[in-house]
Amino acid sequence: MREFSYVIKDPVGLHARPAGLLVKKAGEFTSRITVESGGKSAEAKKLIMLMGLGIKQGAEVICRIEGEDEEAAQEALAKFFEENL
Amino acid sequence: MERYIGKSVMKGIAIGRIFLYKKRDYQVTDQKVSDPAAEKECLLAAVERAKEQLTRLYEDAMRNVGEDHAAIFDIHRMLLEDEDYLDAAAGEIESGFNAVYAVDRAGTQFAELFAAMDDEYMRGRAADIRDISQRVIRILLDLPEEDICSDEPVVLLAEDLTPSETVKLDKSKILGFVTVKGSANSHTAILARSMNLPALVGVDIPLADELHGKSCVVDGFEGVFLVEPEDGELSRMVVRKNQWVADLEALEKLKGQDNVTKSGKRIDIFANIGNVEDADAACAADAGGIGLFRSEFLYLGRDTFPSEEEQYESYKAVLEKMEGKKVVIRTMDIGADKKVDYFGLEPEENPALGYRAIRICLDREEIFITQLRALYRAAAHGKLAIMFPMIISVEEVERIKQIVDMVRKDLVSEGKPVGDAELGIMIETPAAAVISDKLAKEVDFFSIGTNDLTQYTLAVDRQNQKLEGICDTHHEALLRLIEMTVKNAHEAGIWVGICGELGADTALTEWFLKIGVDELSVAASAVLKVRGAVRALP
């Protein structure tokens, strides 16, 4: 299993659009990917629950990746957060 | 000819045919089905069709209104792919229910999840979940997709419009909007302002089918909606419409110009706004800044106090939209005609003279402190000025400054980023105008609120229509108070603006410049008109 943490910089937080993009990105991998913030966690491939975390600017998120392509997924997702959130 | 009255949310005149937009209501009933597997097939097929519709809507919207507005359909399509949502619906079917009921249940369940969140943006997402569920249900019930299409441009008449309805409108096919429900902040109103089309809300008209296709006039200046206007009325409206279009074109040419008279005297012209979206209108109108941001919108139409975080986000959003231009935010002016249940205010004999605005803030400091914390945190993101309403004494200002100091120190010690802000007061009571020499030594600026200053100076209730005749906004007493306030401000070396209706009264523009007013803050729609008046002066 791999994990990384990231602090959200986007002023509106993990709102619908980046959440949608994250779901798409996560869908490119077979690994199980979860996003945890403020003691709650959601699967990165499930848009409603992901938005339901209500992640705001300044919040720390921990992204956990487990599966065959976890190495590639970690790299791609870390880049995604950096560029979009 | 039939004549209806409504609240105008965007000025202008539209003449054309009515397009009656009616939601075809359906009923959801729970029925037991014998073959859940077949029912599930129906559900999945309907979801697929809904996704196809959304893909098409996304592409249409990209062409018509651009990526910003189109993205919602892409999100809707992805919501329909959400496993949890589909599992919830499938689960209902497995327990023996019909697909329509199952989707309705799943939609309600997830909409409630968003509706319960503490973030305003996320609460708004409940409407998206309902939207996608309705789309699938319509397909299951074999109802036509809700759509507005017409070959010629039309006046859209509807009960009310939701965001996903407004966004898919083909802009070139709409002349104006008339809705039965809705408010100045409804989606219809926001869309109408962004499209610069006349719009009326709250028009009490029964939506009978035969209205569809009838000729009509929307008069966004007078708040009047005419159905099948008589010839005489129609030709008068055509004249007014042509005048309006000519005026608009003339104003458009003033964008990017300075607010300066022929002899080189200049004045700032800022905009008054009432919510975050209004800042877009202020930018579009080329306002030099925001001279009055009424913060009441954060408190109205809800059941609990707005949190510091929520306020911070709103203030910050406006400061960022204005890109370094000055933004004057007025602390909350609740009370008088703006009542909010959760404040627990008691009914008053004389609300205009009662427990309102800064009087509440200095009595219930926790409300005030929350707002000040949000303001000072937002100040780090732009050029903020804070203004306090309903001031009558130097003591009030001293107390405010003590609280402000405490709030700033607390924020700094908590390690939160804090910005600087000018501190100013509204001059809207005769008391404040009369002692403006003393008050000027305490603050960085004055803003003269002429609406209340008129009603308090003349002892005329501005909401009593019978008194309209004697409510003289050019009364000598009022003008003397204004002149005195400006003089006292300048003697103390501070700037002074006008933020009431009078600021946009072009009969007084020359006089404002003569007495040395530094800034006029007017409705976004009046910025260019006032600029034109300034530039026409010798």
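Biologist: How many salt bridges does the rule count over all chains?
Modeller: Bear in mind that this is a predicted model. A pair counts when a side-chain nitrogen of Lys or Arg is within 4 Å of a carboxyl oxygen of Asp or Glu. By that rule, the count over all chains comes to 43.

Biologist: Take the salt bridge between Arg2(A) and Glu71(A). How many residues apart in sequence are the parts that this pair ties together?
Modeller: The side chains meet at 3.8 Å, N to O. Arg2(A) is partly exposed at 28% relative accessibility, while Glu71(A) is exposed at 53%. Arg2(A) belongs to strand β1 (residues 2–7) of chain A and Glu71(A) to helix α3 (residues 70–84) of chain A, so the parts tied together are separated in sequence by 69 residues.

Biologist: Glu308(B) has a salt bridge too. Which residue is the partner of Glu308(B) in it?
Modeller: Glu308(B) is in helix α10 (residues 308–321) of chain B, and the partner is in helix α12 (residues 365–378) of chain B, 65 residues apart. Both residues of the pair are buried. The N to O distance is 2.7 Å, and the partner is Arg373(B).

Biologist: And where does Glu414(B), which forms a salt bridge with Arg373(B), lie in chain B?
Modeller: That bridge has an N to O distance of 2.8 Å. Arg373(B) counts as buried at 14% relative accessibility, whereas Glu414(B) is partly exposed at 40%. The two are 41 residues apart, with Arg373(B) in helix α12 and Glu414(B) in the loop between α13 and β13 (421–427).

Biologist: Now the contact between the chains. What area is buried between chain A and chain B?
Modeller: Start with who touches whom: 18 residues of chain A are in contact with 24 residues of chain B. Carbon and sulfur atoms give 65% of the buried area. The area itself is about 1900 Å².

Biologist: Which residue of chain A forms a salt bridge with Asp74(B)?
Modeller: The rule finds 2 salt bridges across the interface of chain A and chain B, along with 5 residue pairs in polar contact. In the bridge you ask about, the closest N and O atoms are 3.2 Å apart. The partner of Asp74(B) is Lys24(A).

Biologist: How many nonpolar residues are there on the side of chain A that touches chain B?
Modeller: Among the elements of chain A, α1 (16–26) and α2 (47–52) each supply at least two residues of that side. By class, the side has 5 polar and 4 charged residues, and its nonpolar residues number 9.

Biologist: Is Arg77(B) buried or exposed?
Modeller: Arg77(B) sits in helix α2 (residues 67–79) of chain B and touches Lys24(A), Lys51(B), Leu54(B) and Thr55(B), leaving out residues up to four places away in sequence. Its side chain makes a polar contact of 3.2 Å with that of Glu81(B). Arg77(B) also belongs to a network of salt bridges that includes Lys24(A), Glu48(B) and Asp74(B). The cut-off is under 20% relative accessible area, and at 19% Arg77(B) is buried.

Biologist: On to the nonpolar side. How many residues does the largest nonpolar core have?
Modeller: Those with the most contacts inside the core include Phe343(B), Ile425(B), Leu439(B) and Phe446(B). Leu439(B), for one, is in contact with Ile391(B), Val394(B), Val397(B), Ile425(B) and Phe446(B), among others, leaving aside neighbours within four places in sequence. The largest core has 88 residues.

Biologist: What is the relative accessibility of Trp244(B)?
Modeller: Trp244(B) lies in helix α8 (residues 231–252) of chain B. Not counting residues up to four places away in sequence, Trp244(B) touches Lys11(B), Gly12(B), Ile13(B), Pro198(B) and Phe221(B). Trp244(B) counts as buried, with a relative accessibility of 14%.

Biologist: Last one, on backbone angles. What is the phi of Met390(B), roughly?
Modeller: Met390(B) is in the loop between β12 (383–388) and α13 (394–413) of chain B, and is buried with a relative accessible area of 1%. Ala357(B), at 0% relative accessibility, has a positive phi near 50°. Met390(B) is not a glycine, yet its phi is positive, at about 65°.

Conventions
Residues are numbered from 1 along each chain as its sequence is written. Chains are lettered from A and ligands numbered from 1 in the order in which they are written. This is a predicted model: local features need pLDDT of at least 70, side-chain atom pairs count only at pLDDT 80 or more; totals for chains, interfaces and linings use all residues. Side-chain values use heavy atoms; hydrogens and water are left out. A nonpolar core is a set of buried Ala, Val, Leu, Ile, Met, Phe, Trp, Tyr and Cys residues joined through side-chain atoms within 4.5 Å. Buried means under 20% relative accessible area, exposed over 50%, partly exposed in between (1.4 Å probe, protein chains only). Contact means heavy atoms within 4.5 Å. Buried area is the accessible area (1.4 Å probe) that two parts lose on being put together, summed over both. A polar contact is a pair of N or O atoms within 3.5 Å; within protein, one must be able to donate a hydrogen and the other to accept it, and residues adjacent in sequence count only if both atoms are side-chain atoms. Helices (H or I, at least four residues) and strands (E, at least two) are DSSP runs, numbered from the N terminus. Ala, Val, Leu, Ile, Met, Phe, Trp, Tyr, Cys and Pro count as nonpolar, Asp, Glu, Lys and Arg as charged, and the others, Gly among them, as polar.
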